[in-house]
Amino acid sequence: MSTDQTNILKELIDFSNKVNSKVFNHTRFLILTIISYIRDGVQFRVLKNLLNISDGKLQADLENLKEMGYIEKIKVDLDNKKVTIYMITDSGKNEIKKITSWIEIIKKMKDSKDV
Amino acid sequence: MYKDFMKILAALKYWDLPLNDPSYRSNFQSRKILQKLTYICKSLKIQMDYTFSLYIHGPYCTTLADDYYKYHNNVPKKSTTYEPENEEIEIYKKIKVYVFSHPLYNRNRVEFLEAIATIMYLKDINPGLLDDEIFENTKINKPYLSDRIIIIATNVVKQLLFKPEYLTDELKEELEMWDRAED
């Protein structure tokens with residue numbers, strides 16, 4: 001194993017400790033990414049339609065992300081009704097950055113192998 | 001896209017539409033209305049460089065979102081530097097007559113605008129779609145919109161897209177015949 005390969009592997013393993021493994025679950029990561037992309041906030045019914053998962057699973061994942069401080073649950077007025085929307089927090093944005101940086105390392109590792 | 005956003009503010013000013021500061025997290029309704037009305041204006045050929053995609057809340061443009069967060073103070077005051085052209089004023093009038101004067105606008109304005117904008121988007125990307133296909137596609141994308149709202153919005157879109165030159169003598173005659181039948 002070359003020094004370069006050892007360095008990349010070390011970087012990969014070291015950086016993985018910075019990523020919150022509780023977010024690194026398929027649905028939670030998707031929810032977090034969608035909510036981060038739509039800055040305006042997303043309604044529960046819209047997430048449910050998009051992800052096609054049960055109310056219970058979606059609710060549980062949203063609650064987990066909220067408890068971790070990555071998303072915020074806000075009551076808003078919409079057509080004279082109170083509805084709930086979910087918005088990303090700074091901490092949530094930061095977590096996405098960490099995950100994407102980690103993925104970049106994986107990509108770098110794959111690219112160096114291809115060479 | 002400062003100029004495009006100023007155009008939207010000019011429309012809001014013309015309609016005297018009350019909207020809150022979109023940068024406040026709780027003002028979700030104002031952000032949704034801004035997105036949908038901008039798409040409706042663009043679809044009716046008000047020249048704008050905003051690019052929309054059919055998103056989870058209907059047509060949505062991230063650059064427009066950047067603009068209303070950046071120039072958020074302009075929204076409640078509707079302060080703009082843009083002077084609309086006559087053709088644009090005609091489009092504003094059309095929207096006022098067919099959308100804002102519709103009874104559904106007072107009761108379900110956000111869902112009504114979302115349905116209209118979604119149907120216009122579907123028609124823009126596929127002009128050959130039949131009414132049944134539009135209904136089906138809208139229902140797939142927005143299952144939470146009621147059948148009634150989708151059907152009413154489809155008719156409103158037809159009114160918005162109708163051009164005077166479509167009104168041929170033959171059609172005029174037929175419409176008069178229907179009017180007489182109603183009497």
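## Confidence of the model

For the complex, the predictor gives an ipTM of 0.74 and a pTM of 0.82.

This is a predicted model, in which local features need pLDDT of at least 70 and side-chain atom pairs count only at pLDDT 80 or more, whereas totals for chains, interfaces and linings use all residues. Residues are numbered from 1 along each chain as its sequence is written, with chains lettered from A in the order in which they are written.

## Nonpolar cores

A nonpolar core is a set of buried Ala, Val, Leu, Ile, Met, Phe, Trp, Tyr and Cys residues joined through C-beta atoms within 7 Å, where buried means that 20 or more other C-beta atoms, placed from the backbone, lie within 10 Å of the residue's own. The largest has 38 residues, and Ile40(B), Ile116(B), Met120(B) and Ala153(B) have the most contacts inside it. Elements of chain B giving two or more residues to this core include α2 (28–43), α7 (109–125) and α9 (147–161), and the largest share, ten residues, comes from α7(B).

## Contact between the chains

Chain A contributes 16 residues to the contact and chain B 14 residues, a contact being C-beta atoms, placed from the backbone, within 7 Å. On the chain A side, α3 (44–51), β2 (71–78) and β3 (81–88) each supply at least two residues.

Terms used:
Buried ≥ 20, exposed ≤ 12 C-beta atoms within 10 Å, placed from the backbone. Helix = DSSP H or I, 4+ residues; strand = E, 2+ residues; numbered from the N terminus. Contact = placed C-beta atoms within 7 Å.
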